[in-house]
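Student: Hi, I have a model open on my screen and would like to talk it through. Could we start with the aromatic residues?

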Amino acid sequence: MDNEKMLKKAIEASIAAGKAILGIYDKPDLGIEVKNDDSPLTLADIASNDVISKYLKETAIPIISEENKQVDFSIRQQWNRCWIVDPLDGTKEFIKRNGEFTVNIALVSKGIPTIGVIYVPVSRELYFTSSEGNKAYKASLKDDHSYEEDFFSDANEISPSPNADKKIKVVGSRSHMNEETVNFVEGLKNNFNEVEIVSKGSSLKFCLVAEGKADIYPRFAPTMEWDTAAGHAICRAVGLKVISKETNEELKYNKKNLLNSYFVVKQ
């Protein structure tokens, strides 16, 4: 299966998963459980994962998903390509019912996220890379989550803002604004007259920078590869870098330890 067909499959999977999530979103009982790492799990996480797994299975490419049992690295290290999936990124936002949760699907080749799809079920906004991973787009779907086949148009292409001069917009998390992040923001004030915080949940933080609504996204709190792979692919497609604080290089994927180091998204 070529990259164009795999991108289309990832888009179809994300939309179908989004619809499955919304089927649970308005129910009084979200089926909330607490996992071993103290993070929440809902019926929507499971339903979305089942849908995505069914779609991506057709590509014959192995899947790393937050809700799957993880394959041992002795096997994973032999994979040249794999899907990295977060079936419901922003479960806390989902539980709060604020709409800021996403479906994340990325294709990783030799540790690099090359194709990325992020779907926002409530707003029906779809962010995605080209099949070559060198452009990124944003499309708004219809009320029934359908879309026009030809949405790879110049009108839908996104790009980051020009280099900030006097004012810089910093993406902050609704759930993870810690002391180290506050100190980073304070440090920016040495170089800019004005520093504005733009709050957003889930992988939408990557999208804000990719589409030019923010300039930089520092993340100094734990994340896993499935939290970042799709957003990283979209940022990479528009020329942004996702730099590890630990290595000063871009984040890598399908590592032995799927935990990311702290990072900064910037030009």
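Predicted model: local features only at pLDDT ≥ 70, side-chain atom pairs only at ≥ 80, totals over all residues.

Student: How are the rings of Tyr-25 and Phe-94 arranged, then?
Tutor: Their centres lie 5.4 Å apart and their planes are at 40°, so this pair is tilted. Tyr-25 belongs to helix H1 and Phe-94 to helix H4, so the pair ties together parts that are 69 residues apart in sequence.

Student: And what about the rings of Phe-94 and Phe-101?
Tutor: That pair is edge-to-face, because the planes are at 80°, with 5.2 Å between the centres.

Student: Is Tyr-25 buried or exposed?
Tutor: Tyr-25 counts as buried, at 9% relative accessibility. Phe-94 is buried too, at 0%, and Phe-101 also counts as buried at 0%.

Student: New topic: which residues touch the most other members of the largest nonpolar core?
Tutor: Ile-84, Tyr-127 and Val-265 do, in a core of 35 residues. Among the elements giving two or more residues to this core are strand E4, helix H7 and strand E13.

Student: What is the strand order in the open sheet of three strands?
Tutor: The order is E11-E13-E12, with antiparallel pairing. E11 and E12 stand at the edges with a single partner strand each, so one side of each has no neighbour in the sheet.

Student: How many bridges join E12 to E13?
Tutor: Four bridges join them, and Ile-243 has Val-264 in E13 as its bridge partner.

Methods. Residues numbered from 1 in each chain as written. Heavy atoms only, no water. Core = buried A, V, L, I, M, F, W, Y, C linked by side-chain atoms within 4.5 Å. Buried < 20%, exposed > 50% of the residue type's maximum accessible area, 1.4 Å probe, protein only. Pairing = 2+ DSSP bridges. Phe/Tyr/Trp six-rings, centres within 6.5 Å; stacked < 30°, edge-to-face > 60°.
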